[in-house]
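Keep the structure in view while reading.

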Amino acid sequence: MAAAAAAATYWLAEHPAIVGFRWSPTHLWFSTWAFLLGFLASYVALCLALDAFLGAALRRRKPLPLGPVPPAHALLMAAVSAAIFAGTLLSAIAEIRDTRWSWRGRSRTTPFRWLLCFPPGTRSSGRVFFWSYAYYLSRYLHAARGVFAVLQRRRGASARVFAHAASVAMAFLWLEFSQSFQLLAILASTLAHAVAFGFRFWVGAGLPAARAARGAPVALACQLALLGCNLACHVGVVWMHFGAVGGGCSGIGAWVFNTLLNAALLWVFLHCYGKRGVCDDGGGATAARARHDGSKEL
């Protein structure tokens with residue numbers, strides 16, 4: 001057991017490629033502003049055009065059969081999210097262990113404050129930013145859910161497309177500006193996604209007891225928990241930047257833009273669940289929807 005834990009720690013937090021990571025627009029995939037803006041424009045345009053075409057071609061809101069693709073994607077997302085969660089957690093512990101000596105006598109920084117508020121001048125390098133980069137790449141994989149929502153003719157598909165696009169943009173800003181609080185956001189997000197996508201795979205694959213669990217609002221519960229965590233982190237960053245920490249927090253300009261994007265995501269959430277009550281990002285349908293159509297698609 002100890003050997004397995006040591007091996008996991010090495011591969012997830014101590015490997016030279018992880019320790020020596022550095023965010024660079026010239027040496028990493030998908031790391032330039034041109035690529036990001038090009039992807040976002042293409043992604044949104046393609047999804048909206050596809051939604052308009054299907055709306056004109058199919059008079060009824062009949063979903064296109066996607067077969068095992070959504071459950072397979074959910075399984076992949078659950079595995080990737082679990083790996084990023086474990087890597088981020090172990091890397092954060094290792095960074096605190098290696099750097100906390102430098103906090104003594106020179107600042108009032110504590111491990112908790114460091115998790116919420118990077119010191120000004122922090123560069124996007126090292127263990128935790130390796131996993132931030134992995135999280136950023138996973139947002140492109142996650143964006144496929146927007147395409148699935150359009151193809152399955154789900155209500156609020158356009159809002160979800162914009163939500164996925166905003167998620168990609170936010171993850172890029174975290175790396176580009178070494179934004180504070182991203183570690184807690186990544187930990188909360190990947191944990192919620194691991195649970196929600198694992199549930200979606202379980203239901204979509206028809207595993208034992210899946211029919212009984214189909215109406216459970218797992219995705220809704222995960223999104224509510226994630227929204228609550230994000231709100232608490234934002235309040236903590238404001239408190240530390242303007243009062244508790246001398247010198248402020250790193251990436252506060254990007255944090256302001258991040259806050260606006262989070263507000264837009266909150267609007268999407270309220271639009272989906274508050275107004276319609278049946279909107280779900282591809283899985284874990286609410287009981288009302290499950291009783292209504294009994295759909296087997298995620």
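Helix α6 passes helix α8 in a left-handed crossing, a term used when the near helix is turned anticlockwise from the far one by less than a right angle. Helices here are DSSP runs (H or I, at least four residues), numbered from the N terminus. The model is a predicted one, in which local features need pLDDT of at least 70, side-chain atom pairs count only at pLDDT 80 or more, and totals for chains, interfaces and linings use all residues. Residues are numbered from 1 along each chain, and side-chain values use heavy atoms, without hydrogens and water.

The axes of α6 (residues 127-142) and α8 (residues 157-176) come within 9 Å and cross at roughly 165 degrees. Axes are lines fitted to C-alpha atoms over the stretch in contact, and angles run from 0 to 180 degrees between N-to-C directions. The two helices are therefore roughly antiparallel (over 145 degrees). Residues in contact (heavy atoms within 4.5 Å) include Phe129 and Tyr133 in α6, and Val168 and Phe172 in α8. By class, this contact has 10 nonpolar, four polar and one charged residues.

Helix α1 (residues 2-14) packs on helix α4 (residues 69-99) at about 80 degrees, with axes 8 Å apart. That makes α1 roughly perpendicular to α4 (65 to 115 degrees).

Leu58 lies in the loop between α3 (33-57) and α4. The C-alpha atoms of Leu58 and Arg153 are 95 residues apart along the chain and separated by 9.7 Å.

How values were computed
Parallel < 35°, antiparallel > 145°, perpendicular 65-115°, else oblique. Nonpolar A, V, L, I, M, F, W, Y, C, P; charged D, E, K, R; others polar.
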